[in-house]
Amino acid sequence: MRIVFAGFQHETNTFSADVADDAAFAHGGGFPGLCRGAEVTERLGPGANIAGAGFLAAARAAGADVVPVLWCAACPSGPVARDTYERIATEIVEGVRAALPADAVYLDLHGAQVAAHLDDGEGALLDRLRAAIGPDLPVIVSLDLHANVTERMVALADALVAFRTYPHVDMARTGARAFALLQRRIALGRPFARALRRIPYLVPICWQATDRAPAGPLYARLGEIEAESGAISLSFAMGFSAADIAGCSPTVWGYAESEATAEAAVDEMTRAVLAAEPEFAGPLFDAEDAVERALALNAAGVRPVVIADAQDNPGAGGSSDTTGLLRALVAAGAPRAALGVLHDPAAAAAAHAAGLGARLTLALGGHSGLADDAPFVTECEVAALSDGRLHTRGPFFGDLDMDLGPAACLRIGGVRVVVASRKAQMADREMFRFLGIEPEAEDILVVKSAIHFRADFAPIAGEILTATAPGAMLMRTTGWRWHNLPDAIRMMPCGPTFAEVRAASSTPL
């Protein structure tokens with residue numbers, strides 16, 4: 001069996017001012033940077049928690065011949081630059097065309113990519129691919145749990161299969177599931193019957209963790225319905241709720257040998273998701289309240305308390321440099337706390353120039369231009385320095401080399417700050433340890449992450465709090481100025497529809 005493989009991943013927060021350009025894909029945002037040909041199989045090696053890596057491992061085990069074209073990812077941000085999208089998409093389509101004949105094509109995509117000129121980045125790529133390879137060659141696609149799946153994507157791919165965990169600890173396993181689907185499609189000899197349903201409410205990412213209700217039981221239900229109905233594959237994507245596009249919403253879709261089976265399985269899962277709507281809720285704390293609560297828990301013997309700086313999560317388009325929680329920690333005199341990763345190349349460079357043990361005054365972070373944030377001017381000590389190279393070991397990133405660029409640990413009283421030259425979500429304890437911070441020994445840990453940190457930090461956390469300090473990824477989706485949502489979609493679980501919010505607004509949306 002000969003399979004052509006390519007990957008192009010980006011999760012787009014259309015409310016973020018950052019742009020995903022060539023440099024962003026060259027770096028990778030914590031994942032491997034853009035690679036081509038044989039280098040793809042080297043970078044997506046065994047142990048990497050990446051869908052493409054899981055697919056490659058399963059394909060090798062089955063004796064398949066996989067021809068990699070390219071694989072790339074960029075840190076979530078604002079839209080992908082037009083020239084960057086066009087360059088990568090064209091290289092993928094031409095690379096697949098050049099590798100034919102083949103038995104199938106596998107794409108490792110995200111599902112929530114928006115380019116400067118395209119609202120449906122994956123749908124547009126599949127459209128171009130079909131124009132190049134024709135309608136009959138099987139195309140199987142793995143997607144993120146946060147995909148905003150469109151009708152065009154479902155129509156153009158033979159199968160789409162999404163992660164079932166958040167934190168996404170099953171990315172590699174989803175790649176293996178994609179290979180199994182590809183085998184099933186080839187054995188069947190004809191396209192699967194398919195069905196798609198849209199869920200009429202947005203779910204903020206802070207309530208999507210699958211290690212708790214309601215998301216956990218919903219994802220468990222997918223496998224149950226597959227077994228009960230005889231469906232070949234069933235997926236539920238909670239969507240990426242920071243995309244001002246018509247296709248922004250959770251979705252349920254599935255495949256079966258018959259249309260009736262596909263429709264029935266998807267309808268059953270859709271009913272479960274609709275019934276769970278009131279359960280997507282929980283407490284949120286502003287920066288000062290989060291720190292006050294953490295210190296009170298410390299006084300009661302609970303440690304470490306992990307505070308998710310969820311709105312500045314670079315894994316959802318945050319700048320990873322806002323200072324609300326840092327200010328609150330310092331103002332409260334937190335005696336033993338650590339925060340990371342603060343993206344500030346200038347501060348990292350200044351720390352390296354000053355040297356280990358030096359004291360200097362810096363304007364830390366706050367460079368994103370958000371109206372409710374600013375640099376934090378403070379005196380600090382250079383407690384540790386690094387070239388930024390580390391190796392992750394936790395369940396989210398898996399066995400992966402990471403390069404954060406020149407980095408420093410800056411001490412401000414009892415608070416230590418991991419400052420790096422490149423953005424990556426704090427989702428692995430090694431991202432503290434490489435600068436001499438042992439997470440288990442801290443009283444308070446502030447992580448610039450919303451959910452993915454839970455995979456490696458929940459096992460050591462005495463308590464987890466979610467904060468709403470400044471950032472580009474709002475936990476209350478009604479706080480953005482929307483323009484393109486469908487009128488009937490509820491902007492929060494059990495909340496008002498977009499039409500109702502627009503009608504109530506004193507200024508046009």
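**View 1. Strand 8 pairs with strand 9 in the antiparallel sense over 5 bridges.** The model is predicted; local features need pLDDT of at least 70 and side-chain atom pairs count only at pLDDT 80 or more, while totals for chains, interfaces and linings use all residues. Residues are numbered from 1 along each chain as its sequence is written, and side-chain values use heavy atoms, with hydrogens and water left out. Strand 8 covers residues 233–237 and strand 9 covers residues 251–256; helices (H or I, at least four residues) and strands (E, at least two) are DSSP runs, numbered from the N terminus. Two strands pair if DSSP finds at least two bridges between them. L234 is opposite G254 of strand 9, and A237 has T251 as its bridge partner.

**View 2. The residues of strand 8 are buried on both sides.** In a regular strand the side chains alternate between the two faces of the sheet. Here S233, S235 and A237 point one way, and L234 and F236 point the other way. Buried means under 20% relative accessible area, exposed over 50%, and partly exposed in between (1.4 Å probe, protein chains only).

**View 3. An open sheet of 3 strands has the order 7-9-8, with antiparallel pairing.** Strand 7 (193–198) and strand 8 are at the edges with a single partner strand each, so one side of each has no neighbour in the sheet. On average, neighbouring strands are turned by 10° against each other, direction ignored. Helix 9 (residues 259–275) lies across strand 7, strand 8 and strand 9, and runs at about 25° to strand 7. Axes are lines fitted to C-alpha atoms, for helices over the stretch in contact, and angles run from 0 to 180 degrees between N-to-C directions.

**View 4. Helix 3 (residues 51–61) crosses helix 7 (residues 171–188) at roughly 50°, their axes coming within 6 Å.** The two helices are therefore oblique to each other; angles under 35 degrees count as roughly parallel, over 145 as roughly antiparallel, 65 to 115 as roughly perpendicular and the rest as oblique. The crossing is right-handed, that is, the near helix is turned clockwise from the far one by less than a right angle. A51, G54, F55, A58 and A59 of helix 3 meet M171, A172, G175, A176, A178, F179 and L182 of helix 7, where contact means heavy atoms within 4.5 Å. These residues divide into 10 nonpolar, 2 polar and no charged. Ala, Val, Leu, Ile, Met, Phe, Trp, Tyr, Cys and Pro count as nonpolar, Asp, Glu, Lys and Arg as charged, and the others, Gly among them, as polar.

**View 5. Helix 3 has 8 of its 11 residues buried, so it is largely enclosed by the rest of the structure.** The buried residues are A51, G52, A53, G54, F55, L56, A58 and A59. Their cover includes strand 1, helix 2 (38–43), strand 3 (65–73), strand 4 (104–109), strand 5 (139–143) and helix 7. G63, which follows helix 3, has a positive phi near 80°.

**View 6. Helix 10 (residues 287–299) packs on helix 11 (residues 324–331) at about 45°, with the axes 9 Å apart.** That angle makes helix 10 oblique to helix 11. Their crossing is right-handed. The contact involves A287, E288, A290 and V291 of helix 10 and G324, L325, A328 and L329 of helix 11.
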